[in-house]
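Please open the model in your viewer and keep the selection panel at hand. The tour starts with the whole chain and then turns to single elements.

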Amino acid sequence: MFVVTVTYTAPLEDVDRWRPAHGSWLNDLIARRLLLVAGRQVPLVGGVYLMADMPAEELTQILSTDPYVLNRVATHTVVEFTPLLVADGLESLKS
């Protein structure tokens, strides 16, 4: 499983231009159950994703298609981890 942080590298008005395309990209990943959770950082300097378990190469390929990355308004940082403890109802997230 992966935690991905998104960091804006451009002013918010530039990021906002690509927000609809980015939202569609996120919704597609959620529909395919590749993305489990997505949200904005507070303060709004980027976002955070919880991505499903997959080969790291697949994640790299997926992230390369993010409209924010394609339009050079954000970058990603990836942390891979193995879930060992989860709240009731989230057992399917454990490896």
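Show the surface of the protein chain first: its accessible area comes to about 6,000 Å², of which 58% belongs to carbon and sulfur atoms, as computed by the Shrake-Rupley method with a 1.4 Å probe. This is a predicted model, in which local features need pLDDT of at least 70 and side-chain atom pairs count only at pLDDT 80 or more, while totals for chains, interfaces and linings use all residues. Residues are numbered from 1 along each chain as its sequence is written, and side-chain values use heavy atoms, with hydrogens and water left out.

Next, switch to a cartoon view, where the protein chain shows three helices and four strands, which are DSSP runs (helices H or I, at least four residues; strands E, at least two) numbered from the N terminus. Followed along the sequence, these elements give the pattern β-α-β-β-α-α-β.

Now select residues 46-51, which form strand 3, and note that five of its six residues are buried, meaning under 20% relative accessible area with a 1.4 Å probe, counting protein chains only.

Val-37 stands opposite Leu-50 in strand 3, and a hairpin of five residues links strand 2 to strand 3.

How values were computed:
Buried means under 20% relative accessible area, exposed over 50%, partly exposed in between (1.4 Å probe, protein chains only). Two strands pair if DSSP finds at least two bridges between them.
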